[in-house]
Amino acid sequence: MPSDLDVRFVDKAHEHSLHEVWSVLHAADAHDRPFDLRAPWSTSLQTWRLPPADFDSLFWTAHIGDAVVGAATVGLPLLDNTTTAYVDGAVVPEHRRRGVGSALLEDVVTRMRADGRHVLQATPHSPVDGPGPGEVMLGRRGFELAMSAMSKACDLVATEPTWDALEAEVAPHHTAYRLVPWRERVPEVLVAGYCELNEAFMDEAPMGDLDYEPEVWDADRVRVRDERFVATGRHQLGVLAYADDACVASTELFVNEVASWRGFQGGTLVLPGHRGHRLGLAVKLANHRAVRAAFPDCTHLFTENAGVNAPMNAVNERLGFRDVERALEMQRRL
């Protein structure tokens, strides 16, 4: 470890220091990952500066002399999973393997223990065919693999010509259901069903060995989340599926207005009693059409799926998603 290494806790009031954090993380992504998927600086600043409602963030930088050589962020859930923290960090490539990442992590661990957080979780991304720097570093510092997923990309322009045939194929299977799209904010009439699906997601989605407690969703939580996204330039598009008055399936995706060439797939869920009707593919197809109509410059969607989630992997394969990275869920109990 360099003798002049200095790890500093960052005050969120200091915009320059926050920009140093973002710059390190962005530079590391540009070096290590095939796509630029980190939130743009303007979005990150707006998000970090908003008063925390259900989620707060903490920041660190590592310095050698006048150079910022590493950074870490920690996300803190405030409503549920309040003993868990989500850590993200990076070291600029030319300063790796010198103890910078370990020093940052040591400060994070000390702070999290003092704050009563008992689990640290991280999601390093690695090449499809081998370990990446984050995976290696975390493994050496007590993090264990809890779940392995694959990060996937879909070229919307290339796959759009296939949508008519896919819709014709699945339509006869879900005639008893109605698909209801929404955009930006979940309409009040849909909030109850949306909350039920969000609460069910943690029980139904593969979570591997990750420590999670059920989430509680209500109208206030949805409203606060929606307003936060509007304030930070994140556009939402979703589709809910109903059997009579019961909400039984959901999908959503997000497009950042500052980087609208890309969208991020959120959760997709079909309740167990309604599977087998091709609803997963139907709601995602409807949302793919919606994003192309609303954001014609959105050419790619990105998603992550656990390897054990065979049904959703099959849906995404039909839609044209391809593997681009491994997304590993790792955790360390403090």
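Predicted model: local features only at pLDDT ≥ 70, side-chain atom pairs only at ≥ 80, totals over all residues.
View A. Helices (H or I, at least four residues) and strands (E, at least two) are DSSP runs, numbered from the N terminus. Trp 182 has a relative accessible area of 5% and is buried (buried means under 20% relative accessible area, exposed over 50%, partly exposed in between, with a 1.4 Å probe and protein chains only). Setting aside neighbours within four places in sequence, Trp 182 is in contact with residues including Pro 187, Leu 190, Tyr 194, Leu 237 and Glu 252; contact means heavy atoms within 4.5 Å. Trp 182 and Glu 252 are 70 residues apart in sequence, while their C-alpha atoms are 9.1 Å apart in space.

**View B. The largest nonpolar core, with 40 residues.** A nonpolar core is a set of buried Ala, Val, Leu, Ile, Met, Phe, Trp, Tyr and Cys residues joined through side-chain atoms within 4.5 Å. The residues with the most contacts inside this core are Trp 60, Val 74, Val 108, Met 112, Leu 120 and Phe 143. Among the elements that each supply at least two residues are helix 1 (15-32), strand 3 (67-77) and strand 13 (322-333). Helix 3 gives the most, with seven residues. Look for Leu 120: beyond four places in sequence, the residues that Leu 120 touches include Val 87, Leu 105, Phe 143 and Met 330.

**View C. Helix 9 (residues 279-294) against helix 10 (residues 310-319).** Their axes are 10 Å apart and the packing angle is about 40°, which means that helix 9 is oblique to helix 10. Axes are lines fitted to C-alpha atoms, for helices over the stretch in contact, and angles run from 0 to 180 degrees between N-to-C directions. Angles under 35 degrees count as roughly parallel, over 145 as roughly antiparallel, 65 to 115 as roughly perpendicular and the rest as oblique. Gly 280, Leu 281, Lys 284, Leu 285 and His 288 of helix 9 meet Met 312, Val 315, Asn 316 and Leu 319 of helix 10.

**View D. Helix 6 (residues 163-170) beside helix 9.** Here the axes come within 10 Å and cross at roughly 150°, so helix 6 and helix 9 are roughly antiparallel to each other. Helix 6 brings Trp 163, Asp 164, Leu 166, Glu 167 and Val 170 to the contact, and the helix 9 side includes Leu 281, Leu 285 and Arg 292.

**View E. Two residues with positive phi, Asn 81 and Arg 278.** Most residues other than glycine have a negative phi. Asn 81 sits in the loop between strand 3 and strand 4, with phi near 50°. Asn 81 is buried, at a relative accessible area of 4%. Arg 278 is in the loop between strand 11 (262-270) and helix 9, with phi near 60°. Arg 278 counts as partly exposed, at 27% relative accessibility.

Technical notes:
Residues numbered from 1 in each chain as written. Heavy atoms only, no water.
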